[in-house]
Amino acid sequence: MIEEDEEFEEQCEAAVSDIQATDIVCKDCGKKYKTRGGYERHRTSKHDDQQQSQMPLTPSVLTEIVNNAVNKVKESRVFAASLRNEFSAYRYVQLEEGTAEFSEMKVLYDSYLKSGNTEKFYGRFYSQVPLKSTSFFPGLSRNAATLLATKVADCMLVHCRHIKSPDGSVSPSKTMLSDKEKAGLQYLGGYVFAQSLQKVCKNVYK
Ligand SMILES: [Zn+2]
């Protein structure tokens with residue numbers, strides 16, 4: 001509901017005073033604002049650059065995110081036992097800073113911290129990581145690596161949200177897929193997968 005409140009406030013403000021001749025467009029996420037005040041509030045809440053520089057993605061932070069994702073898969077009963085067994089034996093090898101894979105992860109991470117745009121984050125993540133999942137997570141089978149990629153997306157989002165609101169006002173469980181959705185998604189890939197996730201993302205703020 002955060003977005004709606006913001007929009008309502010923005011409309012009221014525009015109606016009363018301070019109406020700009022043209023909309024102010026946010027250079028980072030493209031959202032349009034009719035008032036300077038609305039725009040400033042948006043900048044502060046969504047693109048606080050200080051927060052970003054305090055918590056850069058390092059190889060060890062990424063490893064923590066990936067290990068969280070691995071644990072999620074191990075704990076989840078909706079996945080086939082063979083997949084869970086594969087993860088039980090899996091040890092993630094930390095990516096080196098400067099590798100193509102690490103750089104891609106860092107771009108995804110930084111741009112989400114900057115824009116706060118969940119759909120854009122999933123869109124980018126799914127267009128890049130699952131297709132090359134086995135180079136991001138060497139040692140896993142294709143199915144397992146793709147599954148892990150999707151979990152890493154969730155865990156990375158949760159991690160970024162904690163940075164953005166350290167008081168924990170956003171519950172991590174809300175970004176996770178429901179069991180029914182997980183079951184249906186297990187063997188799907190690519191576009192269909194991303195579409196379903198976008199649907200889930202829209203529910204995050206409810
Ligand atoms: Zn913006």
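What share of the contacts in the protein with a separation of 6 or more is accounted for by residues 24 or more positions apart? In this predicted model, such residues account for 60% of those contacts.

## Overall architecture

The protein contains 11 helices and 2 strands. Along the sequence, these elements follow the order α-β-β-α-α-α-α-α-α-α-α-α-α. Of the 206 residues in the protein, 24% are buried.

## Packing of H4 against H9

Helix H4 spans residues 59-75 and helix H9 spans residues 142-164. Their axes come within 8 Å and cross at roughly 120 degrees. Angles from 65 to 115 degrees count as roughly perpendicular and those over 145 as roughly antiparallel; H4 and H9 are therefore oblique to each other. The crossing of the two helices is right-handed.

On the H4 side, the contact involves Ile65, Val66, Asn68, Ala69, Val70, Lys72 and Val73. These meet Leu147, Leu148, Lys151, Val152, Cys155, Met156 and His159 in H9. By class, the residues of this contact comprise 10 nonpolar, 2 polar and 2 charged.

## The largest nonpolar core

The largest nonpolar core has 34 residues, of which Ala69, Tyr109, Leu148, Val152 and Met156 touch the most other members. At least two residues of this core come from each of H4, helix H6 (100-115), helix H7 (118-128) and H9. H9 supplies the largest share, 11 residues.

Leu148 belongs both to the contact of H9 with H4 and to the core. When residues up to four places away in sequence are not counted, Leu148 touches Ala69, Val70, Val73, Phe137 and Leu140.

Definitions and conventions:
Residues numbered from 1 in each chain as written. Predicted model: local features only at pLDDT ≥ 70, side-chain atom pairs only at ≥ 80, totals over all residues. Axes fitted to C-alpha atoms, helices over the stretch in contact; angles between N-to-C directions. Helix = DSSP H or I, 4+ residues; strand = E, 2+ residues; numbered from the N terminus. Parallel < 35°, antiparallel > 145°, perpendicular 65-115°, else oblique. Left-handed = near helix turned anticlockwise from the far one by under 90°. Contact = placed C-beta atoms within 7 Å. Nonpolar A, V, L, I, M, F, W, Y, C, P; charged D, E, K, R; others polar. Core = buried A, V, L, I, M, F, W, Y, C linked by C-beta atoms within 7 Å. Buried ≥ 20, exposed ≤ 12 C-beta atoms within 10 Å, placed from the backbone.
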